[in-house]
Amino acid sequence: MADLVPQSKEKSLQSLIQGWAEGKTTLKEIKGYSDSELYAIAHQGYFFLLQGKNEEAKTIFEGLVAIDPRNDYYYRALGVIYHKLGDPDRAIKQFTYASRVAPSNLAAFINRAEVYVATGKRKEALADLDHACNIARDPESPLARKARALAEYLRRK
């Protein structure tokens, strides 16, 4: 019986799978998904979120995180979903993952600060907002201004 997978491809696949097991390769790379394909799926998840179909959106973004764990947007979307579902601890974890994947992206720190504010953790919120202000490349960008304004509000409170 002939091999179903040529030996050279089998070795390549084994190498990818070993890389995945070691956290060096993603399912996105193994399956060959493009960013545009995954963003098309994310777009559907975003529409579910806008429609209040939070469970459906959660399913999509959990799948996307499994496929491409190096994309901070998927973690941030999950953070928003968990926050909307009333699970602030899981929301904070997702925003933390997003901040690790993209440490220079202000959005994850601001999102996490908003959850901290909602749960009465003012000190943690201020730390995230101050960090966002400090790493902002453009201090006049909308996100940097939002971080600054929210921090000023919390300090006056």
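Which residue does Arg 148 form a salt bridge with, and how far apart are the closest N and O atoms? The notes below get to that pair along the way.

1. What you are looking at. This is a predicted model, where local features need pLDDT of at least 70, side-chain atom pairs count only at pLDDT 80 or more, and totals for chains, interfaces and linings use all residues. Residues are numbered from 1 along each chain as its sequence is written, and side-chain values use heavy atoms, with hydrogens and water left out.

2. The overall build. The chain has 9 helices and 0 strands, counted as DSSP runs numbered from the N terminus (helices are H or I, at least four residues; strands are E, at least two). Read from the N terminus, the order is α-α-α-α-α-α-α-α-α. Take contacts (heavy atoms within 4.5 Å) between residues at least 6 apart in sequence: 46% of them join residues at least 24 apart.

3. Surface and burial. The accessible surface of the chain is about 9700 Å², and 53% of that belongs to carbon and sulfur atoms; the areas come from the Shrake-Rupley method with a 1.4 Å probe, and for residues only the protein chains shown count as cover. Of the 157 residues, 36% are buried. Here buried means under 20% relative accessible area, exposed over 50%, and partly exposed in between (1.4 Å probe, protein chains only).

4. The main core. In soluble globular proteins, nonpolar side chains tend to be buried together. The largest nonpolar core in this chain has 36 residues, and Phe 61, Leu 64, Tyr 74, Leu 106, Ile 110, Leu 129 and Ala 132 have the most contacts inside it. Such a core is a set of buried Ala, Val, Leu, Ile, Met, Phe, Trp, Tyr and Cys residues joined through side-chain atoms within 4.5 Å. The elements giving two or more residues to this core are H3, H4 (54-67), H5 (72-84), H6 (88-101), H7 (106-118), H8 (122-135) and H9 (142-156). H7 gives the most, with 7 residues.

5. Helix H4. The end C-alpha atoms of H4 are 20 Å apart, which agrees with the 20 Å its 14 residues should span at 1.5 Å a residue; the expected span is 1.5 Å times one less than the number of residues. The buried residues of H4 are Asn 54, Ala 57, Lys 58, Ile 60, Phe 61, Leu 64, Val 65 and Ile 67. Their cover includes helix H2 (27-31), H3 and H5.

6. Arg 76 sits in helix H5 and counts as buried, at 17% relative accessibility. Setting aside residues up to four places away in sequence, Arg 76 touches Phe 95, Ala 98, Asn 105, Ala 107, Ala 108 and Asn 111. Ala 77, also found in helix H5, is buried with a relative accessible area of 8%.

7. Salt bridges. Side chains of opposite charge can pair when their charged atoms come close. The whole structure has 10 salt bridges, each defined as a side-chain nitrogen of Lys or Arg within 4 Å of a carboxyl oxygen of Asp or Glu. Back to the opening: Arg 148 pairs with Glu 140, with the closest N and O atoms 3.5 Å apart. Arg 148 is partly exposed at 29%, and Glu 140 is partly exposed at 48%.

8. Bridges between parts of the chain. Asp 68 and Lys 28 meet in a salt bridge (3.8 Å, N to O). Asp 68 lies in the loop between H4 and H5 and Lys 28 in helix H2, so the pair ties together parts 40 residues apart in sequence. Both Asp 68 and Lys 28 are buried. Asp 130 and Arg 155 form another salt bridge, with the closest N and O atoms 2.5 Å apart. Asp 130 is in helix H8 and Arg 155 in helix H9, so this pair ties together parts 25 residues apart in sequence.
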